[in-house]
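Have the sequence and the 3D view open side by side.

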Amino acid sequence: MPDEYEIVYKTYKDLPLSPIAKGKSLVFKTGSWRTMKPKLVLENCKKCGICWKYCPDVSILIVDDYPKIDYNYCKGCGICANECPFDAIVMVEEDSK
Amino acid sequence: MKITLPEDEIMEKGHMACLGCGGALAMRYLLKALGRKTMVAIPACCWAVIPGVFPYSCLEVPLQYVAFEATGAAISGIEAALKAKGKKEGTTVVGWAGDGGTLDIGIQALSGAVERGHDVKYVCYDNEAYMNTGIQRSSATPKGAWTTTTPVGNTRFWKKTNKKNIVEIMAAHDIPYTCTASVAYPEDLIKKAKKMKDIKGPCYMHIYAPCPTGWKYPPEKTIELSRLATETCIFPIYEVTYGKYKLNKNIRDEKKKPVLEYLKTQGRFRKLDEETVQSIQHYVDDEWIKLKKKVECFGEEK
Amino acid sequence: MKKVLSGNAAAAYGSKLARAEVISAYPITPQTKIVEKIADLIAVGEFETEFVKVESEHSAMAAAVSASLVGARTFTATSSQGLLLMHEILHWASASRTPIVMVNINRALAPPWSVWADHTDTVAQRDTGWMQFYCESCQEVLDTMLQLYKIAEDKDVMLPAMLSEDAFLLSHTSEIVDMPDQDMVDDFLGSFEPENIMDVDNPMSFGSLSMPHQYFYEFRYKIAEAMEIARSKILEVEKDFEKRFGRSYGGFIDLYRCDDAEIVLVAAGSMSSTIRVAIDELREKGEKIGLARLRVFRPFPIEEFREIAKKAKKIGVLDRSFCFGYEGAFFTEIKSALFDIDERPIVKGYVVGLGGRDVTLDVIHEIIDDCQATTDTRTEPFKWIGLSR
């Protein structure tokens with residue numbers, strides 16, 4: 001099933017004049033890169049905003065004022081867990097629940 | 001939730017940066033500050049591949065990929081064209097390059113662009129080597145660092161010279177605004193980027209952007225490492241506004257951490273000997289004293 | 001309005017008449033008078049343009065490409081060393097499909113230092129995807145510049161174009177030039193309105209990474225296709241220009257007395273004027289010689305040369321350049337164009353004028369005599385004329 005962001009050019013005539021990219025990188029589900037994943041421990045979360053601030057992959061969303069991980073894109077770098085002052089995020093093995 | 005940065009995400013997810021990339025964070029912060037009316041020119045560097053392959057891009061601003069040494073010339077051309085078309089007002093022109101494209105191959109075009117006084121903003125994200133081509137040394141590589149062209153071996157073949165001080169070179173061009181910033185302090189970075197946006201004239205920003213892949217440290221430590229770089233005074237956070245120096249993060253003597261604390265966190269400094277660590281400490285101490293003297297002599301009037 | 005203009009001044013006025021919006025250039029002898037004239041015109045308020053006084057030719061072309069992608073009509077000028085310095089970006093310009101027009105003053109390459117006429121600089125750029133024109137007179141420089149903007153900016157072409165004039169022989173030689181009215185030029189050219197530009201209201205990325213399986217190969221094919229489309233556009237624009245301004249240069253090849261010529265000389269640039277004089281002298285004596293002045297080198301006029309080959313018995317190709325390890329470029333390409341036809345004339349090559357060595361009437365006569373004496377080119381396909389041995 002093609003991704004909603006996928007763009008395909010059938011022939012050279014369909015291409016733009018030169019390599020002009022109009023598509024979104026959302027087509028690349030970088031969550032598949034993970035070997036470790038962040039797990040939220042919301043009981044400890046003080047909504048300080050630090051995890052959202054420091055995510056290089058823009059994969060921490062704010063939902064109902066709390067952080068929520070977008071696992072489609074999170075690469076599991078661990079910055080959020082390392083920076084959280086309240087142990088509200090821990091890194092676990094990708095395959096674990 | 002406590003949000004201390006502008007919320008609009010102009011850099012999207014799904015990009016190709018390594019885990020924990022300082023350069024990705026730097027771009028995310030810069031675009032939050034400058035907004036969507038920004039045109040960017042990017043030369044050969046990690047950021048030439050981070051947005052993804054054709055026909056996809058992670059940046060929601062108009063972007064031109066340019067040849068390696070051409071960033072300064074590209075932004076000059078963009079600015080001139082916008083002026084010619086009467087579209088310059090309200091649009092920020094940014095040259096976004098790595099340390100190679102800024103300090104080495106791109107220095108001529110950068111110097112030319114700022115000397116001519118174009119209303120452009122040049123931002124260098126410094127990961128201290130030619131990372132995109134595989135971690136070769138650049139003039140921004142610090143002394144003692146392992147790179148693939150200074151691979152230490154058993155003949156102490158690390159980088160022998162200190163980092164080229166491009167920030168002072170830019171300040172010496174007498175441009176309206178020069179500054180350093182770090183991914184550890186995004187509020188400061190964003191405040192400075194907004195200041196650059198409001199100034200009509202060439203501005204330069206040097207962002208400290210750690211690279212887990214090239215510096216050999218675990219990716220989760222990127223922000224911790226950036227803080228340590230400033231706390232050891234290896235990467236001071238300061239700005240020069242119309243020739244006036246200001247220290248944004250003053251590290252008091254009693255709080256100043258020894259450089260060894262910074263060096264031992266990264267694999268690229270693993271084989272350093274005592275002598276070199278001492279020379280690095282002396283160098284950092286001297287540069288810090290020089291900077292504080294400049295702030296004293298050329299600081300803002302109290 | 002008639003003015004006495006040098007080749008350089010003609011180029012400067014050409015950019016003014018074309019209303020170039022961004023000019024980025026670096027001075028180099030003998031192009032300096034172009035940038036100086038442009039600066040003069042700006043200083044007295046006669047030319048409204050953004051003149052970026054870049055710090056090198058590489059930056060000149062990089063700034064021009066970037067400006068063109070923002071939608072500005074751009075112009076630059078250079079010569080020899082400068083042209084070579086911008087070589088990397090010449091490829092960038094054509095692959096980005098930016099219709100930049102550049103005037104190059106054909107000057108020899110160092111070492112040894114030489115500021116005099118030689119075509120090696122532009123011949124070395126034949127693979128860059130730029131259209132390439134060679135001019136013989138100051139009037140032609142001005143007229144061709146205007147034509148080039150029209151051809152290059154055509155939405156089915158969108159390729160950069162370079163125009164060459166010989167160092168000093170044309171750049172610093174003054175001739176009477178009929179300058180067209182600005183209104184007539186505005187009507188001929190219109191404004192530059194490309195489809196895809198850098199626009200904050202429609203963000204796109206220009207020039208991203210492409211994998212082997214998608215779509216680099218196709219993008220290169222599009223350039224090749226555009227060059228082919230340019231062939232008909234060049235002739236269309238020539239006709240249109242003649243109708244409006246009353247002057248024509250024959251399109252790809254400027255033929256002089258070739259209808260019944262047995263020997264046809266092929267040459268480009270200012271030495272063509274000398275050849276015309278030699279031809280007239282010999283025609284008086286009943287000899288049937290003609291000149292096929294190569295005006296457009298890229299796209300290469302394959303069909304036009306095949307037409308000439310139908311009637312001529314011998315073709316003498318003059319190259320003011322040389323491709324070491326083989327032969328002069330014009331010579332090789334003309335032979336290649338004639339490879340597939342059934343009956344071919346004798347085609348011989350002559351290397352002349354390198355480093356500005358004067359191509360005099362004596363040189364031309366020597367070439368014509370040699371051409372007449374040549375019956376086969378197997379042992380000596382080409383000759384270096386005027387070599388002190």
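A quick definition before anything else: helices (H or I, at least four residues) and strands (E, at least two) are DSSP runs, numbered from the N terminus. This is a predicted model, where local features need pLDDT of at least 70 and side-chain atom pairs count only at pLDDT 80 or more, while totals for chains, interfaces and linings use all residues. Residues are numbered from 1 along each chain as its sequence is written, and chains are lettered from A and ligands numbered from 1 in the order in which they are written.

**A residue to start with**

B:Ala171 sits in helix H5 (residues 166-172) of chain B. Is B:Ala171 buried or exposed? It counts as buried because 21 other C-beta atoms lie within 10 Å. The cut-offs: a residue is buried if 20 or more other C-beta atoms lie within 10 Å of its own, exposed if 12 or fewer, and partly exposed in between, with C-beta atoms placed from the backbone. Leaving aside residues up to four places away in sequence, B:Ala171 touches B:Thr178 and B:Val240. Two residues are in contact if their C-beta atoms, placed from the backbone, lie within 7 Å. B:Ala171 and B:Glu239 are 68 residues apart in sequence, yet their C-alpha atoms are 9.3 Å apart in space.

**The sheet**

Now for the strands, where two of them pair if DSSP finds at least two bridges between them. An open sheet of 10 strands runs in the order E1(A)-E9(C)-E3(B)-E1(B)-E4(B)-E5(B)-E7(B)-E6(B)-E8(B)-E9(B), with mixed pairing. Its edges are strand E1 (20-21) of chain A and strand E9 (244-247) of chain B, each of which pairs on one side only. Strands of a sheet pair through backbone hydrogen bonds, either parallel or antiparallel.

| Strand | Partner strand | Bridges | A residue pair |
|---|---|---|---|
| E5 (residues 121-126) of chain B | E7 (residues 203-208) of chain B | six | B:Val123 and B:Met205 |
| E3 of chain B | E9 (residues 205-206) of chain C | two | B:Gln64 and C:Phe206 |
| E2 of chain A | E2 (residues 56-57) of chain B | two | A:Lys24 and B:Ser57 |

Helix H2 (residues 71-84) of chain B lies across strand E1 (38-42), strand E3 (63-65), strand E4 (92-98) and E5 of chain B, at about 170° to E4(B). For that angle, axes are lines fitted to C-alpha atoms, for helices over the stretch in contact, and angles run from 0 to 180 degrees between N-to-C directions.

Helix H8 (residues 222-231) of chain B is mostly covered, with seven of its 10 residues buried. Among them are B:Ile223, B:Leu225 and B:Leu228. After H8(B) comes B:Cys233, with a positive phi near 65°.

Over in chain C, 15 of the 15 residues of H7(C) are buried. How does the span of helix H7 (residues 138-152) of chain C compare with expectation? At 1.5 Å a residue, its 15 residues should span 21 Å, and the end C-alpha atoms are 21 Å apart, so the two agree. The expected span here is 1.5 Å times one less than the number of residues.

**Where chains meet**

Between chains B and C, 38 residues of chain B are in contact with 38 residues of chain C. On the chain B side, E1, E3, H2 and helix H4 (107-115) give two or more residues, and H2(B) gives the most, with 11. That side has 23 nonpolar, eight polar and seven charged residues. As for the classes, Ala, Val, Leu, Ile, Met, Phe, Trp, Tyr, Cys and Pro count as nonpolar, Asp, Glu, Lys and Arg as charged, and the others, Gly among them, as polar.

Between chains A and B, 33 residues of chain A are in contact with 32 residues of chain B. The chain A side draws two or more residues from each of strand E2 (23-24), helix H1 (50-54) and helix H2 (79-83). H2(A) gives the most, with four residues.

**Inside chain C**

In domain 1 of chain C, 26 residues are in contact with 19 residues of domain 2 of chain C. H9(C) gives the most to the domain 1 side, with five residues.
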